[in-house]
Amino acid sequence: MRALVLLLIIAVIAPALSLPAVAQQKKVKDFTLTDAVSGQPVSLSVYKGKKGVLLIFTSNYCPYSKLYDNRIARLARNYPDVQVLLINPNSPEASSSDSFAEMQKKAQEEKYAYPYLADKH
């Protein structure tokens, strides 16, 4: 019973602490990356008028990323005012499945309706 009371106290008090909120409006430095869906460069600044931009770091080989493909597509459909951007930061030298050609293949297979950006810096 004490454990339950302690959990309830933590659940009530924790939000009131001065912890930084995740969704505070912070400026993000603009960037431009190549989109595997269109083959064109895409800049973050293009989406300035959107209610929000959701950056999701993903890869072709990660089993967890594969599990979330359908959820991400559903999220993009359900919230059209929020721009979804997938970013693959992995080096093709470390995993050949993360090459730009493989990213393009995956984008076609999954019918991505949002950019799948290659960050190979």
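This note goes through the fold, cores, aromatic rings, salt bridges and surface of a predicted model.

1. **Basis.** The model is predicted: local features need pLDDT of at least 70, side-chain atom pairs count only at pLDDT 80 or more, and totals for chains, interfaces and linings use all residues. Residues are numbered from 1 along each chain as its sequence is written, and side-chain values use heavy atoms, with hydrogens and water left out.

2. **Fold.** The protein chain has 3 helices and 5 strands. Their order along the sequence is α-β-β-β-α-β-α-β. Helices (H or I, at least four residues) and strands (E, at least two) are DSSP runs, numbered from the N terminus. Contact means heavy atoms within 4.5 Å. Take the contacts between residues at least 6 apart in sequence: 71% of them join residues at least 24 apart.

3. **Burial and surface.** The protein chain has 121 residues, and 27% of them count as buried. Buried means under 20% relative accessible area, exposed means over 50%, and partly exposed lies in between (1.4 Å probe, protein chains only). The accessible surface of the protein chain is about 9,000 Å². Carbon and sulfur atoms account for 59% of that surface. Areas come from the Shrake-Rupley method with a 1.4 Å probe; for residues, only the protein chains shown count as cover.

4. **Main core.** The largest nonpolar core has 11 residues. They are Ala36, Ile56, Ile72, Val84, Leu86, Met103, Ala107, Tyr112, Tyr114, Tyr116 and Ala118. β4, α3 (100-110) and β5 (116-118) each supply at least two residues of this core. A nonpolar core here is a set of buried Ala, Val, Leu, Ile, Met, Phe, Trp, Tyr and Cys residues joined through side-chain atoms within 4.5 Å. In soluble globular proteins, nonpolar side chains tend to be buried together.

5. **Second core.** A second, separate core has 7 residues. Leu33, Val42, Tyr47 and Ile87 are among them.

6. **Met103.** This core residue is worth a look for its contacts. Leaving out residues up to four places away in sequence, Met103 touches Ala36, Asn60, Asn88, Asp98, Tyr116, Leu117, Ala118 and Lys120.

7. **Aromatic rings.** There are 2 aromatic pairs in the structure. Tyr112 and Tyr116 make an edge-to-face pair, 5.5 Å centre to centre with 90° between the planes. Rings of Phe, Tyr and Trp (its six-membered ring) pair if their centres lie within 6.5 Å; planes under 30 degrees apart count as stacked, over 60 as edge-to-face and the rest as tilted. Tyr112 is buried at 9% relative accessibility, and Tyr116 is buried at 0%. Tyr112, Tyr114 and Tyr116 form one aromatic cluster.

8. **Salt bridge Lys106–Asp69.** The structure holds 2 salt bridges. A salt bridge is a side-chain nitrogen of Lys or Arg within 4 Å of a carboxyl oxygen of Asp or Glu. In the bridge between Lys106 and Asp69, the closest N and O atoms are 3.5 Å apart. Lys106 lies in helix α3 and Asp69 in helix α2, so the pair ties together parts that are 37 residues apart in sequence. Lys106 is buried, with a relative accessible area of 9%. Asp69 is buried too, at 7%.

9. **Salt bridge Asp81–Lys51.** Here the closest N and O atoms are 3.9 Å apart. Asp81 lies in the loop between α2 and β4, and Lys51 in the loop between β2 (41-43) and β3 (52-57), so the pair ties together parts that are 30 residues apart in sequence. Asp81 is partly exposed at 42% relative accessibility. Lys51 is exposed at 72%.

10. **Nonpolar patch.** Leu54, Leu75, Tyr79 and Val82 form a nonpolar patch on the surface. Together they have about 310 Å² of accessible area. Patches are made of residues with over 30% relative accessible area and no salt bridge: like charges are joined within 9 Å, nonpolar side chains (Val, Leu, Ile, Met, Phe, Trp, Tyr) within 5 Å. Val82 sits in strand β4 (residues 82-88) and is partly exposed, with a relative accessible area of 30%.

11. **Asn70.** Asn70 belongs to helix α2 (residues 63-78). Asn70 is exposed, with a relative accessible area of 57%. The C-alpha atoms of Asn70 and Glu110 are 8.7 Å apart, although 40 residues separate the two along the chain.

12. **Backbone check.** Lys111 has a phi near 55°, a positive value in a residue other than glycine. Most residues other than glycine have a negative phi. Lys111 is in the loop between α3 and β5, and is exposed at 70% relative accessibility.
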